[in-house]
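Trainee: Hi! Could you walk me through this structure? I'd like to start with a helix.
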Amino acid sequence: MNWLHLKSGSDVRGVAMGDQPVLTTHIAKCLGMAFARFTAAKTKKPVTQVVIAIGRDCRLTGPALAEAAAEGISRAGASVMQFGMCTTPAMYMSIITPGFQPDGSIMITASHLPPERNGLKFFLKDGGLEQNDVVELLNAASELNPDDFAVSGSIMSKPFLPVYMEQLAERIRTGLDTDLPKPLLGLHVVVDAGNGAGGFYATLMENLGAWIEGSQFLEPDGRFPNHMPNPENPDAMRAVSEAVKRSGADLGVIFDADCDRAAIVDSDGREINRNRLIALVSAMLLDEKPGQTIVTDSVTSSGLKKFINDWGGEHYRYKRGYRNVIDEARRLNAEGIECPLAIETSGHAALKENHFLDDGMYLATVLIVKAMKLKQQGKTLGSLIADLQEPVESKEIRLNITDEDFHTAGRNAIALVMDYANAAENWHIAPDNREGVRISFDLDGGMDNGWFLLRLSVHDPVLPLNVESDVPGGVHIMLKSLYEVLKDAKGIDLELLKKEIG
């Protein structure tokens with residue numbers, strides 16, 4: 001087995017149930033042992049003094065994988081705090097919370113992926129592991145047999161979620177500048193947890209005085225029987241939107257399975273995710289302090305850039321991948337460029353005020369504070385993004401790469417587009433092009449009112465193509481033009497592109 005096939009960005013992921021699972025309890029045990037040793041080396045402690053916390057979402061394979069990872073840690077000689085059901089952001093927060101403060105933590109989750117998949121995310125005090133750390137960890141784990149070692153470290157149960165809930169409650173009281181026990185009285189919030197780990201957020205809202213009628217799918221169920229817990233999933237967003245309209249709520253909140261991503265719905269059922277979510281949080285931050293820089297991924301719209309500029313900010317597009325966006329925001333701050341937010345269109349959002357941790361539940365909490373303030377003024381969250389210019393048309397196409405060396409084939413296709421754009425009068429390479437190739441167009445007599453971005457997927461043999469137009473028919477014009485450039489590219493399956501242009 002090639003253990004590196006389990007690497008997914010800075011996580012480990014794989015099929016964990018069914019006839020041929022690739023992420024087994026044996027692998028989890030080996031990774032637990034390897035991570036205990038890795039943490040000892042990073043903290044410069046004897047492994048017998050290392051403490052690792054383990055949490056999981058509600059997937060059916062979670063308990064067995066968590067137990068196996070704990071056994072591996074114990075066989076390395078380190079001690080384990082078993083948190084049981086938890087969220088990914090909470091696993092990091094435990095490391096910096098007095099009374100817990102493990103040396104490292106592991107979250108058993110596959111985020112929004114289907115029920116048969118699972119994975120492991122790893123944290124140290126300075127944040128989640130980088131991709132090269134995960135490679136090192138997988139290589140080390142592949143050479144271990146934990147069963148050759150006796151269980152010697154302690155394993156104890158110590159739930160962290162109640163403490164994490166109180167941290168969120170304190171953020172609400174601080175944000176509303178009150179010490180009242182029920183500061184959300186008068187606010188109606190629908191919570192949709194998608195049967196993931198985040199159902200407790202409805203309890204938090206209710207404890208703080210909010211009305212939660214209409215909340216749904218709060219019970220953890222690793223089969224995800226109602227809809228996938230994913231703020232990008234159309235069915236999921238439709239479900240929470242309908243629940244908000246049905247119950248007459250002020251807003252709705254939806255999380256993914258491990259709660260590191262979130263989206264919201266306004267009182268009229270309007271979905272606020274992707275570009276709208278970025279615009280909303282940007283407006284809130286720039287209203288408090290203009291002149292700040294907002295770091296996003298590369299597929300954000302031209303309308304969003306104008307919106308952020310109009311609010312007095314700088315829009316800084318960077319590479320896809322939530323760790324890429326977060327690391328770039330950290331780098332900019334270190335250089336003296338004030339950047340309070342790193343956010344992907346997927347809903348991964350990290351605020352500087354919260355350790356640049358991509359915590360969907362913390363983000364939702366910040367939005368709820370703002371919603372409460374706006375309600376007292378007779379306004380809604382949606383009023384802040386009334387001026388956001390949204391595309392008339394948008395499309396995402398994933399072009400499969402058939403060449404065995406898919407990285408080279410993908411880079412060659414991007415180079416073809418770049419070379420053509422350098423010579424073509426009506427193709428404009430975006431000045432902030434930092435990933436793949438982003439081309440803007442002047443359509444129907446306008447200027448810079450259409451664009452596409454062609455990039456190479458980080459993990460898969462795919463060229464994702466995002467295209468948006470501010471005028472009707474613009475997407476077809478741009479796709480047809482792109483096809484003419486790519487039609488002779490080797491190793492690229494263009495059938496989906498041909499289908500789109502007819």
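Mentor: Happy to! One definition first: the expected span of a helix is 1.5 Å times one less than its number of residues. Keep in mind too that this is a predicted model.

Trainee: Okay, what span should helix α8 have, and how far apart are its end C-alpha atoms?
Mentor: Helix α8 covers residues 274–288, which is 15 residues, so at 1.5 Å a residue it should span 21 Å. Its end C-alpha atoms are 22 Å apart, which agrees.

Trainee: And is α8 largely enclosed or largely open?
Mentor: It is largely enclosed by the rest of the structure, because 11 of its 15 residues are buried. Among them are Asn 275, Leu 277, Ser 282 and Met 284.

Trainee: Let's switch to strands. How many residues of β4 are buried?
Mentor: Strand β4, residues 79–85, has 5 of its 7 residues buried, so it is mostly covered.

Trainee: Which strands does β4 pair with?
Mentor: Strand β3 (residues 51–56) runs parallel to β4 and is joined to it by 6 bridges. Within that pairing, Gly 55 stands opposite Gly 84. To get from β3 to β4 the chain passes through helix α2 (residues 62–75), and this β-α-β crossover is right-handed. Strand β8 (residues 155–157) is also parallel to β4, with 3 bridges between them. There, Gln 82 stands opposite Ser 157 in β8.

Trainee: What about the nonpolar core? Which residues have the most contacts inside the largest one?
Mentor: Those are Leu 184, Tyr 201 and Met 205, in a core of 72 residues. Helix α11 (residues 360–376) gives the most to this core, with 11 residues.

Trainee: What does Tyr 201 touch?
Mentor: Leaving out residues up to four places away in sequence, Tyr 201 touches Leu 168, Val 191, Phe 255, Met 361, Ala 364, Thr 365 and Ile 368. There is also a second, separate core of 38 residues, including Leu 6, Met 33, Ala 34 and Val 134.

Trainee: Last topic: how many disulfides are there?
Mentor: The structure holds 0 disulfides.

Trainee: Is Cys 259 buried or exposed?
Mentor: Cys 259 is buried, with a relative accessible area of 0%. Cys 30 is buried as well, with a relative accessible area of 0%.

How values were computed
Residues are numbered from 1 along each chain as its sequence is written. This is a predicted model: local features need pLDDT of at least 70, side-chain atom pairs count only at pLDDT 80 or more; totals for chains, interfaces and linings use all residues. Side-chain values use heavy atoms; hydrogens and water are left out. Helices (H or I, at least four residues) and strands (E, at least two) are DSSP runs, numbered from the N terminus. Buried means under 20% relative accessible area, exposed over 50%, partly exposed in between (1.4 Å probe, protein chains only). Two strands pair if DSSP finds at least two bridges between them. A crossover is right-handed if, with the strands pointing away from the viewer, the path from the first strand over the helix to the second runs clockwise. A nonpolar core is a set of buried Ala, Val, Leu, Ile, Met, Phe, Trp, Tyr and Cys residues joined through side-chain atoms within 4.5 Å. Contact means heavy atoms within 4.5 Å. A disulfide is a pair of cysteine sulfur atoms within 2.5 Å.
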